[in-house]
Structures are given as structure tokens and as C-alpha cells.
Amino acid sequence: MTFENLGLNESLLRAVAAEGYASPTPIQAQSIPHLAEGRDLLGVAQTGTGKTAAFALPILHRLNGKKRPQEPRRKPRVLVLAPTRELACQIGESFSVYGRGSGLRHTLVYGGVGQVPQVRALRSGVDIVIATPGRLVDLINQGYADLSGIEIFVLDEADRMFDMGFLPDMRRVIDRLPKQRQTVLFSATMPEPIEKLAQQILHKPVQVRIAPVKKTTELIDESLYFVPQKQKTKLLTHLLHGEEVLRSIVFTRTKHGADRVTRDLQKAGITAEAIHGNKSQNFRQRVLAGFKANKLQVLVATDLAARGIDVDGVTHVFNFDLPQEPETYVHRIGRTGRAGSSGTAIAFCDAEERSLLRSIEKFIQRRMRIESKLPAGIVRHEHEREHQREPREASHPRERGENRKPAGRHPAERGPRSQESAPATGEAPRNRFRKGKTSRAAALHRATEKRNMQAAAKTAGARKWKRKPSANQKPAGAVR
Ligand code: AMP
């Protein structure tokens, strides 16, 4: 399959060739012909599968082929809604790259920055608007965004928007759109509210399901250090001084943590900057540009700020703190090993984080390789041996001794779980340690789990037990 087979116009073919895309990814091959014909589409696919080009290319193809309505100033004809400003910026970049020379104009609309330039851009007339829901609703309410000319509407990462509490804003936007339009919905998973929304807004959609890029990618070399919290910075600094660490992202759980780690790295002579919800949009963009231009060795990020960061050539991802959600671990390490190159993901685990580690290992269905060599002055914590003694089942192809797939193809095409036919539910794999399992291994596991919970409860001390935010609650720093 080639891009020529998909019937895209010449300028788009030139653009994808210039980007170095040899052939369409599965989602592109399956979506582009239908979208170019104007059909609605429901795509179950994650980031990393090439889904942005899967909708951007046919949109540009259609806009180029259609005459613009004669109006005193351009009204937007395409609206793309995305959950975060980072993702919106990346989609904008894709439209810039693929739409070069097309004469089509696009603009970005997102919160966290002043609205004046966005209002000005809308006033001057654009063809494509890429927006986060909250700010767009603000501009609609103030009469600055007119969506009456929208011909194509894309909801990207719909499940993520739902998670971030944007469902009401999404509905407000949809209410303003013309009924007669093409609608495209992409989502990594299909929670019930999104399924319902899809049924309401899509008309006889083509359905495309692409398996998650992979639970753990075969191109990423993952390992883990059992290291006390207090010594993590020392270990990180040591590893960052390694020759092979060219460009890396360090993930911390909190904004405060990101700032602290950044300060410590800077003191150690490493060029590092932090991006998180408390940093201004301009600062974040400057830092990202510096990172892409190799002026910065390390980007320290929280998960929200890092969502959708798509920088090629990230050699290392460090999980300075283990994430609360196992899925987040997979998102984090997916920042490396992109577009066919290999990468390294290193996680640090303190005694307190062992239950998080266990959840991650259940999710990715394998044990992480533990780095036994620690640099001088770093003390291995005693939980390492205990963790290694826990029951284990080899379930990953690498552990079963199956061969790796050859490198060099798009991530979405690699690996046994990434075949087009594989289910793409995005659900966590079957719990291998589920209750009711009668083996001694499971009993041992439960006993260890209990011990850990008791230890965690003890260290939590008098601290009040915080309730997890509900799925609909907008996290701090979420973009409006
Ligand atoms: P996305 O899923 O849209 O975030 O895309 C993930 C990455 O794949 C981006 O870095 C794209 O530049 C890259 N990409 C998209 N389409 C292709 C393709 N056909 N061949 C190789 N890389 C691609």
C-alpha cells in the first residue's frame, strides 16, 4: 500500500514524502479513502498510530478540491477538538506540514494564554480551527467564534476529553455546528458516554479499530532500579551523565517534584527545564522548542503537561516517580522508541511505590528487568529481593523467548499485539493475580500485598486519606 493508492492530491503526496513516510500506517490506509469521500468515521486508535495524518490528509484533500464559499471573510470550515493545548499544537503543526502550499489557513484556540491573538486570527478568517473545548466555548459565548460554516468536525482523543471533564463543553460546541457535516471521532478507548456520544453525532460511520500501539513496545528497553526516594536524584544525575543519554524526558508525579528535580539537575551541570501546569504556555513552548533543537538535554515533566509531546529522537525516558495509573506508564515510555527508532525507559522504585510497580507489571503483563548494578554511593533497598521472590508468570513475548519483530517500520505495524485484527479495547489485560486464585503463588502475592498496604497506611500516618478525583473532575491545570 502506498499513499498514491489512497488517491491523495499531488501536494499532499509531496508533503508525506518530504516527511519521510514510506507507506501509510494501518489507520491511514483504512481511514483516508473513506474520509476523502466525506464519510463519517469512528476510529478506535491511540496516539502513535499515525491518526493525526489519518484525518489531516483527507481533510486537506477535500478542502483543496472544494471551492470556498464566497463570503466577505473566511469562516472556519473544519473544527478539530483536542483535549490539551500540547495536542492541539501538534495537530496544528501537522496541518502546517501537510498543508504547505495549499493556501489554507488554520489557527489554534486554547486556554492558558491571552485570547486576543486568537480572536484576531478568527476575525481575519481561517479555514481550520484546532481547539481545546473550554476556550472555544468561551469564545463562542463572547461571539468571537462562528461555527456555522463548519463542514468537517473532528473529535480527537474523545475519551481523554471525557476524563478531563470536557463532555459538557464538547456538547455545547456540537450544538453550534451545522447538522449537515462530516464528523470524525477518534478515541483510544470507548467508555459508555463516548459510545453514546458517537451514536448521537455520527451518521453511518465507517469503523476502524487499531490495536493499542503496544502494551510495552518491543523497541523500548525497559529496566528498573530499586532505589530509595532520597537517592533518586543522585542516581538520575549519574545516569544522565552517561554517553548514550542524548535527549531524555524525566517524569515526576507532582509539579513541585518536577521543579525540585530540575533545580538539582541544573546544579549538577545538566541542561534541564521543567514543564507543567504552573508554567505559562509561552514558557512551555519555548522549552519544547529548545528541547527539539537539542539546546536542552532533559525535559522534566508531569503527565498532564507531557500528554501528546511528540519529539522524535528521545533516547531515554526516566520514570523518576512511578505513575499512579499503569496506563500512564505505557504513555510515558511511548515518548521514546518513536517512528522506528529504539529507546530506553528506566524506572525508579522506592519501597513506597511497590504496589504501583505491581499494578504496572500486571498491566504490561510482565516483570521489568531489575538493574542490579548501582553506582557507588547508592544503596539498594531491601525490597528488591522481596519483589523478585514474588510469583511471576512469563507472558511477554520477550520473556517467552519469542523473537523481536524487525525494526524500521511504523510503531503501529510492529509487534504481535499491534496487528490490525487484534482487539483494541484499551482495557487492562486480565488480572493474573485475581482473587480466588488458589495457587500458593497467589496466596503469597496476597500476603505481600497486605503487608505493603499496612506499611503504606502506616507511613500515611495521620494524613487524611484523600479521595481520588472522580472521572469527570477536571484535574488542576487542565486547559480550558
Ligand atoms: P500520531 O499517532 O498522529 O501522534 O503519529 C505518531 C508519529 O508517527 C508522528 O511522529 C508522525 O510524524 C509519525 N507518522 C505518521 N504517519 C506516518 C507514516 N505513514 N510513516 C511513518 N511515520 C508516520
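This is a predicted model: local features need pLDDT of at least 70, side-chain atom pairs count only at pLDDT 80 or more; totals for chains, interfaces and linings use all residues.

Reply: In helix H12, the buried residues are Arg284, Val287, Leu288 and Phe291. They lie on the same side of H12, because the arc they cover around the axis is only 100 degrees.

Me: Which residues are exposed on the other side of H12?

Reply: Asn282 and Ala289 are exposed there. Just after H12, Asn294 has a positive phi of about 65 degrees.

Me: How many Å should the 12 residues of H12 span?

Reply: At 1.5 Å a residue, residues 281-292 should span 16 Å, and the end C-alpha atoms are 16 Å apart, so the two values agree.

Me: What describes two packed helices?

Reply: The angle between their axes and the distance between the axes describe them. For H3 (residues 51-65) and H4 (residues 85-98), the axes come within 10 Å and cross at roughly 45 degrees. H3 is therefore oblique to H4. The contact involves Thr52, Ala53, Ala56, Leu57 and Leu60 of H3, together with Gln90, Ile91, Ser94, Phe95 and Tyr98 of H4. This crossing of H3 and H4 is right-handed.

Me: At what angle do the axes of H2 and H3 cross?

Reply: The axes of H2 (residues 26-37) and H3 cross at roughly 25 degrees and come within 9 Å. Angles under 35 degrees count as roughly parallel, and H2 and H3 are therefore roughly parallel to each other.

Me: Is the crossing of H2 and H3 left-handed or right-handed?

Reply: H2 passes H3 in a right-handed crossing. Residues of H2 including Ile27, Ser31 and Leu35 meet a set in H3 including Ala54, Pro58 and Arg62.

Definitions and conventions. Residues are numbered from 1 along each chain as its sequence is written. Helices (H or I, at least four residues) and strands (E, at least two) are DSSP runs, numbered from the N terminus. The expected span of a helix is 1.5 Å times one less than its number of residues. A residue is buried if 20 or more other C-beta atoms lie within 10 Å of its own, exposed if 12 or fewer, and partly exposed in between; C-beta atoms are placed from the backbone. The arc is that of the directions from the helix axis to the C-beta atoms. Axes are lines fitted to C-alpha atoms, for helices over the stretch in contact, and angles run from 0 to 180 degrees between N-to-C directions. Angles under 35 degrees count as roughly parallel, over 145 as roughly antiparallel, 65 to 115 as roughly perpendicular and the rest as oblique. A crossing is left-handed if the near helix is turned anticlockwise from the far one by less than a right angle, and right-handed if clockwise. Two residues are in contact if their C-beta atoms, placed from the backbone, lie within 7 Å.
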